[in-house]
Amino acid sequence: MAKFGFLFTLALFGALMFVAGLLAPPSFRTSIQDGAARAKSELTALTGLGVGPASAAATPPAAAATAPPEAVQADPIASEALLIASPLPDHARFGLQLGQFANPEQAKELAARIKTLKLPTATLDIVDQAGKRWTVVAAGPYASADEARAARVPLARELGFTEPTPLILLPAPPKPNA
């Protein structure tokens, strides 16, 4: 009889938690979803595993196949600078984020792997809102958001990624010293 009482209490608790989740205000649900996304991002960075799309297609567009020399970045940029505004900016450089790493050596390994495929790459030092430094590895630049989106599937196939790669804004290239 005690087992039945325990199971009944457990089932009742689960049902009440389900109803509480349904009745929770949208702001509360959004903060939980943001926290889950942040936890996934940090777990990905800590494990060093890049993420990318699972679908498949042919090869990357020809425009992306010619890799210009990688520019050197002097100071880290704010992570918010990589976010894409809506509507899309008129004159922007787009990229596909292939990985975000707390350890710069892991970022260098992924960038080297991408360069062997003769794809354009960008390695960015960023600082998040909490002040933590990260190294982001991206494919690009692409001239338009549509060109970058078209490269997602072939690039994922080439790199063996299983999740979608985010479309990001790449910072303007550093100006040469005069």
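Among contacts in the protein between residues at least 6 apart in sequence, 78% join residues at least 24 apart. The model is a predicted one. Of its 178 residues, 29% are buried. Five helices and five strands are present, and along the sequence they follow the pattern α-α-α-β-β-α-β-β-α-β.

The five strands form an open sheet with the order E1-E3-E4-E2-E5, and the pairing within this sheet is mixed. Strands of a sheet pair through backbone hydrogen bonds, in either a parallel or an antiparallel sense. Strand E1 (77–78) and strand E5 stand at the edges; each has a single partner strand, so one side of each lacks a neighbour in the sheet. E1 is joined to strand E3 (residues 121–127) by two bridges, and the two strands run parallel. Within this pairing, Ile77 has Ile126 of E3 as its bridge partner. Helix H5 packs on the sheet, where it touches E2, E4 and E5, and its direction makes about 35 degrees with that of E2.

Strand E2 pairs with E4 in the antiparallel sense over six bridges; here the bridge partner of Gln100 is Val136 in E4. E2 also pairs with E5 in the antiparallel sense, over four bridges, and Gly95 stands opposite Ile168 of E5. Eight of the nine residues of E2 are buried, so the strand is largely enclosed by the rest of the structure.

Pro141 lies in strand E4. This residue is partly exposed, its relative accessible area being 29%. Although Pro141 and Gly95 are separated by 46 residues in sequence, their C-alpha atoms are 5.2 Å apart in space. When residues up to four places away in sequence are not counted, Pro141 touches Arg93, Phe94, Pro120 and Leu170.

The largest nonpolar core has 22 residues, and those that touch the most other members are Phe94, Leu96, Leu98, Ile114, Val137, Tyr142 and Leu155. Two or more residues of this core come from each of strand E2 (93–101), helix H4 (104–116), strand E4 (133–142), helix H5 (145–159) and strand E5 (167–170). H5 gives the largest share, six residues.

Aromatic side chains were examined next. A pair of aromatic rings is described by the distance of the centres and the angle of the planes. The count comes to one aromatic pair. The ring centres of Phe4 and Phe8 are 6.5 Å apart and the ring planes are at 25 degrees, under the limit of 30 degrees for stacking, so this pair is stacked. Phe4 and Phe8 both belong to helix H1 (residues 2–23), where they are four residues apart, about one turn of the helix. Both residues are exposed. Elsewhere, Lys132 has its charged end over the ring of Trp134, at 5.0 Å from the centre of that ring.

Conventions: Residues are numbered from 1 along each chain as its sequence is written. This is a predicted model: local features need pLDDT of at least 70, side-chain atom pairs count only at pLDDT 80 or more; totals for chains, interfaces and linings use all residues. Side-chain values use heavy atoms; hydrogens and water are left out. A nonpolar core is a set of buried Ala, Val, Leu, Ile, Met, Phe, Trp, Tyr and Cys residues joined through side-chain atoms within 4.5 Å. Buried means under 20% relative accessible area, exposed over 50%, partly exposed in between (1.4 Å probe, protein chains only). Rings of Phe, Tyr and Trp (its six-membered ring) pair if their centres lie within 6.5 Å; planes under 30 degrees apart count as stacked, over 60 as edge-to-face and the rest as tilted. A charge sits over a ring if NZ of Lys or CZ of Arg is within 6 Å of the ring centre and within 35 degrees of the ring normal. Two strands pair if DSSP finds at least two bridges between them. Contact means heavy atoms within 4.5 Å. Axes are lines fitted to C-alpha atoms, for helices over the stretch in contact, and angles run from 0 to 180 degrees between N-to-C directions.
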